[in-house]
Amino acid sequence: MGWGVAAALLANVLYSGGFVLQKRALAGLPALNVRRPAHLLRHLLRSPLWIGGSLALAGGFAAQLVVYRTLPMAAAQGLFVSGLVLLLLFSNRFLGERTSARERYALAAVLLALLMVVGSLRQSADSVGRSSPFALVVLISALSLAIGLSLYSATERRIAHRHRAPTTDGVAYGVAVGFVYGVSSLAIKGVSGHLTPATLDDPAGAALTLLTGPYPYLLLITGATGLLLSQTALQRCRASLVVPVCTTTSCLYTSVVGTFAFGESLPDDPVRLTLRLAGAVLAVGVLLTLAAHQQEPTTQELSRDPR
């Protein structure tokens, strides 16, 4: 499980760095509209900085494959949430998004949650699910995407005639994109289940088996959709608001839905069970509280905002 923890921390670095690079790139681009995807893509693909951020995010997806091969989904989400510590630090350093005293206390609490989740892991006792009924995955994914896209569309309509998106819309954007990326996590988990030692002996057969299931297509659709939706959200709202809410939503979704869908059990030992559940609840609770207390930037802060 040590490799899984290391891969999760690497994914955190890649995700945080990727979002910051994209945010900096978006500051120099004209206003984007997800309803004009060709126009949006044309501007994004002309930005080397944005492409670099996207490659970092792709590396984060690859690291997730290793994580889901070695760690239960609920434990993995606790590790991924800890990446928001880096995100807030990077946002402060490279985007000029100031970290408040409340946010610094939140960072300390999330680090404590990380230690609790890691302390609950036991390789000899934890079960790691490998597969889920295709029909169940498709049904869950369809419902989740419908919720996420509906919330995103409602948020877009609500701010259509505003000059600037308020904090509540930044939270709504984060929740909507979090549902989409939550389905991506299920797809990554499904793909990782096919990466066994046997695939080295028969890679063609393993690839054919993988392509007959829903996971590669779900990953392609949700990865691309989440990427496009997140660009409008990042351009209009602070990364230190959108990304924590998005990550919290995605991690909570994956912990609950993924554990159920892939038949993973929680620890039997009461101490380890308490550590894992308390760590996950602490991380999610801290981040939700943090998002709820985000304030609108002042006029002076707006003048320094790189957007």
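1. In this predicted model, the contact between helix 7 and helix 11 is made on one side by Phe134, Val137, Ser141, Leu145, Leu149, Tyr152 and Glu156 of helix 7, and on the other by Tyr215, Leu218, Thr222, Thr225, Leu229, Thr232, Ala233 and Arg236 of helix 11. Sorted by class, the residues of this contact are 9 nonpolar, 4 polar and 2 charged.

2. Helix 7, which spans residues 134–158, packs on helix 11 at an angle of about 15°, and the two axes are 12 Å apart. Because angles under 35 degrees count as roughly parallel, helix 7 is described as roughly parallel to helix 11. The handedness of the crossing of helix 7 and helix 11 is left-handed.

3. Helix 11 also packs against helix 3, here at an angle of about 140° and with the axes 13 Å apart, which makes helix 3 oblique to helix 11. Helix 3 passes helix 11 in a crossing that is right-handed. On the helix 3 side the contact is formed by Trp50, Ser54, Leu57 and Phe61, and on the helix 11 side by Leu219, Leu227 and Gln231. The classes in this contact of helix 3 with helix 11 are 5 nonpolar and 2 polar residues, with no charged residues.

4. Helix 3 (residues 48–70) has a further partner in helix 4 (residues 73–81), with an angle of about 140° between them and axes 9 Å apart; helix 3 is therefore oblique to helix 4. The crossing in which helix 3 passes helix 4 is right-handed. Gln64, Val67 and Tyr68 of helix 3 are in contact with Met73, Ala76, Gln77 and Phe80 of helix 4, and the residues of this contact comprise 5 nonpolar and 2 polar, with no charged ones.

5. Which residues lie nearest the centre of the largest pocket? They are Tyr15, Leu57, Phe61, Gln64 and Tyr181, out of a lining of 34 residues. Leu57 and Phe61 also belong to the contact of helix 3 with helix 11, while Gln64 takes part in the contact of helix 3 with helix 4. The volume of the largest pocket is about 720 Å³.

6. Several helices share in that lining. Two or more residues each are given to the lining of the largest pocket by helix 1 (2–27), helix 3, helix 4, helix 5 (83–94), helix 8 (167–192), helix 11 (215–236) and helix 12 (239–261). Helix 3 contributes the most to this lining, with 9 residues. By class, the lining of the largest pocket consists of 24 nonpolar and 10 polar residues, and no charged residues are found in it.

7. The lining of the second largest cavity has 6 nonpolar residues and 1 polar residue, with no charged residues.

8. Charged residues are present in the contact of helix 7 with helix 11, whereas the lining of the largest pocket has none.

Key:
Residues numbered from 1 in each chain as written. Predicted model: local features only at pLDDT ≥ 70, side-chain atom pairs only at ≥ 80, totals over all residues. Heavy atoms only, no water. Axes fitted to C-alpha atoms, helices over the stretch in contact; angles between N-to-C directions. Helix = DSSP H or I, 4+ residues; strand = E, 2+ residues; numbered from the N terminus. Parallel < 35°, antiparallel > 145°, perpendicular 65-115°, else oblique. Left-handed = near helix turned anticlockwise from the far one by under 90°. Contact = heavy atoms within 4.5 Å. Nonpolar A, V, L, I, M, F, W, Y, C, P; charged D, E, K, R; others polar. 1 Å grid on protein atoms, 1.4 Å probe; cavity = no way out; pocket = protein on both sides within 12 Å on 5 of 7 lines; lining within 4 Å. Points joined across faces, edges and corners; volume = space filled by probe spheres on them.
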